[in-house]
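The exercises below are to be worked through with the sequence and the coordinates at hand, and each task is followed by a solution in steps.

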Amino acid sequence: NSLFTKQKLMPKKTIYTKATVIEAGLEQLKENGWEGITPKLVAKKLGASTQPIYSHFGTMDEFRVAILDRAWEMLVEYISKRYTGDAWVDQGIGYVLFARDHGRLFNCMHYGKPENVRKRRQEFWVIVSKKLEGYPPFEGLSTEHVGWIRHIRALLTHGIAVTISSGFGPIWEDEEVVRQMMPLCSEIILNGLSNKIDEIIEVTSKIASDARER
């Protein structure tokens, strides 16, 4: 009976899955940047020893890659959400909102060896491109034309994202501004400057004015 009682009272051993370890690393990255990704600090976040880390990853470099994989997956999840119903516009909105919600993580994803960052962004571009297959507004345009349109909008979107993730664009922290401005910016880029430009400037000015009042 005493043996049975001891066994019954013994606490269950916590199982640290690969996903759990990655999540702990991701949280560390969000809070402390790459300097926070050390065996000791991640283990503290887990509430365990460093053993769970090395049971799933041979080296810390492998662990860092896995954290980045998850971070880019999160970004894809953001740009895949339905915000307005326009796939291309929604990708831009999701990109900016991700930078707003996960500023330090967003910045860390774009820090490192240029060739590695470039490779990540190219992989992301392919994923985004597949989600735009059959996008009606691009029909009838050449591949090169669509590429330039998307590239210019991507530069604009990334610039806004970097601005907000660095804390220099308070107006863009307002999700309503993002939801209203991204369609307008996308329309300007897609259609070029036209006789609607005065109307567009008037609308964008009002959006900014309303945001300041809020």
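A residue counts as buried under 20% relative accessible area, as exposed over 50%, and as partly exposed in between, with a 1.4 Å probe and protein chains only. The model is predicted, so that local features need pLDDT of at least 70 and side-chain atom pairs count only at pLDDT 80 or more, whereas totals for chains, interfaces and linings use all residues. Residues are numbered from 1 along each chain as its sequence is written, and side-chain values use heavy atoms, with hydrogens and water left out.

**Exercise 1.** Determine whether H102 is buried or exposed, and list its contacts.

*Solution.* Begin with the place of H102, which is in the loop between α6 (87-101) and α7 (103-109); helices here are DSSP runs of H or I with at least four residues, strands are runs of E with at least two, and both are numbered from the N terminus. Next, take the relative accessibility of H102, which is 15%, and therefore H102 counts as buried. Finally, search for contacts, meaning heavy atoms within 4.5 Å: not counting residues up to four places away in sequence, H102 touches K30, M74 and Y78.

**Exercise 2.** Describe how α6 and α10 are placed relative to each other.

*Solution.* The axes of α6 and α10 (residues 175-191) come within 9 Å and cross at roughly 135°. Angles under 35 degrees count as roughly parallel, over 145 as roughly antiparallel, 65 to 115 as roughly perpendicular and the rest as oblique, and α6 and α10 are therefore oblique to each other. The contact involves W88, V89, G92, I93, V96, L97 and R100 from α6, together with E175, V178, R179, M182, P183, S186 and L190 from α10.

**Exercise 3.** State how many helices and strands the protein chain has, and what share of its residues is buried.

*Solution.* The protein chain has 11 helices and zero strands, and of its 214 residues, 36% count as buried.

Conventions: Axes are lines fitted to C-alpha atoms, for helices over the stretch in contact, and angles run from 0 to 180 degrees between N-to-C directions.
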